[in-house]
Structures are given as C-alpha cells and as structure tokens.
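Biologist: I would like to go through this structure with you, starting from the salt bridges. Shall we look at it together?

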Amino acid sequence: ELWQFPPYTVAPEGGSINITCSTSRPLSGVYLKQRWPKPTSVIYYEDKKQPTVDEHFRGRIGFSGLQHNLTITLSHLRLSDAGAYACQAVMDDVVWGPGTLVVVTGSPGTHHLPRASPLLFTDKVSQEVDSCQKVQLASALPVVLAVSCFFLGLGIGTVCVLRKTQV
C-alpha cells in the first residue's frame, strides 16, 4: 500500500508545495509522475543515489526523508505545473498512490488548470478516491471480524463462568 498526501493543494505562482509519498513495505525507489495533462516522470528517487529530475522541474525540486517516507517539495511554481501528480513505488510490483491535484493561482481570482475539462478530471479523481476507500474498507473487514469474534467469545466465556456451565 502506498499513501500520498495531500489529495489536493492550491498555491500561488512562484510559491511551493509538498507532496509526501509513504509506504511501510520495502521498495527499490519512488517516482513522482505528472499524470495529467501531460504525462511525465517528474522525479525518480532512490536512497543513497542521485535523484533523476525532469528538465522542466530541474532546480525547483527538494527532498526530505527517505524513499519509504519521502516528501518532495516543488518550488517556484509555474502555471504550467498545475495538474495531477501521483507517487509510484517500485517494489516487487508497481504501486500507485491515490494522487494529488495541484492548482496554481495566477493573478488574484484566477486559477490555472491545464486545458481539458476540469469537471471530467474531478469526476475521475472522485472515482479513484472512492475506489481507494473501498479497497481500504475491504482490507479492514477481516480485522474487524476477528476482533468481533474475540469479544463475542470472551463474552460467552464470561457468561459460562458466571453460570458455572461448560460449552
């Protein structure tokens, strides 16, 4: 499982944002990819190695933490930096984070989203978030059932002891 936050961020042109990619599993490296409007690999980061940074972002990227809990800072934001970014962990398999929508504001009162229907993208983000929440809920179900059964057994055992009966 790969966590990524924030789910969205708004910053002014010239400002900076942080995107954090985090996992509890061992991994080989982490990509931050801009998936929309123009798919590109922004960075590739591996502990104890020089990170690879796309030329459009060169000189504007900072890192803190290690690859299993990496915060990527994108500074000196440009209007063209607006879009959808996703962490991608390289493990035994490839795992994607849920994504971060970046909105860059220009002059007061304007927001820049790349040319494409923002409503279509918002729908897609909502679908992805719903899908991710369903997966998280489904993975919690066995734990909830096990804990419930434990307490049910504990309760039955207590009743039996109080009534001095055997099951």
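Modeller: This is a predicted model. Aspartate 93 has a relative accessible area of 40%, so it counts as partly exposed.

Biologist: Which side chain does aspartate 93 meet in a salt bridge?

Modeller: Aspartate 93 sits in the loop between β9 and β10 (94–96). Its partner lies in the loop between β3 and β4, 68 residues apart. The N to O distance is 3.6 Å, and the residue is arginine 25.

Biologist: How many salt bridges does a search of the whole structure find?

Modeller: One of them joins aspartate 93 and arginine 25. Another joins lysine 49 and glutamate 46, at 3.3 Å. Aspartate 81 and arginine 60 also meet in one, at 2.7 Å. The search finds three.

Biologist: Is aspartate 81 buried or exposed?

Modeller: The cut-off for buried is under 20% relative accessible area. Aspartate 81 has 0%, so it is buried. For aspartate 81, then, the class is buried.

Biologist: How many residues apart in sequence are the parts that aspartate 81 and arginine 60 tie together?

Modeller: Aspartate 81 lies in the loop between β8 and β9. Arginine 60 lies in the loop between β6 (52–53) and β7. The pair therefore ties together parts whose separation in sequence is 21 residues.

Biologist: Lysine 49 and glutamate 46 meet in a salt bridge. What is the relative accessible area of lysine 49?

Modeller: Glutamate 46 is partly exposed, at 22%. Exposed means over 50%. Lysine 49 passes that mark and is exposed, with a relative accessible area of 52%.

Biologist: Which residues touch the most other members of the largest nonpolar core?

Modeller: This core has 26 residues. Elements giving it two or more residues include β4 (29–36), β5 (40–45) and β9 (83–90). Isoleucine 61 is in contact with Val42, Ile43 and Ile72, among others, leaving aside neighbours within four places in sequence. The residues asked for are Leu32, Ile43, Ile61 and Tyr85.

Biologist: Which are the edge strands of the open four-stranded sheet?

Modeller: The order is β1-β3-β8-β7, with antiparallel pairing. The twist averages 15° from one strand to the next. Four bridges join β1 to β3. An edge strand pairs on one side only, and here these are β1 (2–5) and β7 (61–66).

Biologist: Which residue in β3 stands opposite phenylalanine 5?

Modeller: β1 and β3 run antiparallel. Opposite phenylalanine 5 stands threonine 20.

Terms used:
Residues are numbered from 1 along each chain as its sequence is written. This is a predicted model: local features need pLDDT of at least 70, side-chain atom pairs count only at pLDDT 80 or more; totals for chains, interfaces and linings use all residues. Side-chain values use heavy atoms; hydrogens and water are left out. A nonpolar core is a set of buried Ala, Val, Leu, Ile, Met, Phe, Trp, Tyr and Cys residues joined through side-chain atoms within 4.5 Å. Buried means under 20% relative accessible area, exposed over 50%, partly exposed in between (1.4 Å probe, protein chains only). Contact means heavy atoms within 4.5 Å. Two strands pair if DSSP finds at least two bridges between them. Axes are lines fitted to C-alpha atoms, for helices over the stretch in contact, and angles run from 0 to 180 degrees between N-to-C directions. A salt bridge is a side-chain nitrogen of Lys or Arg within 4 Å of a carboxyl oxygen of Asp or Glu.
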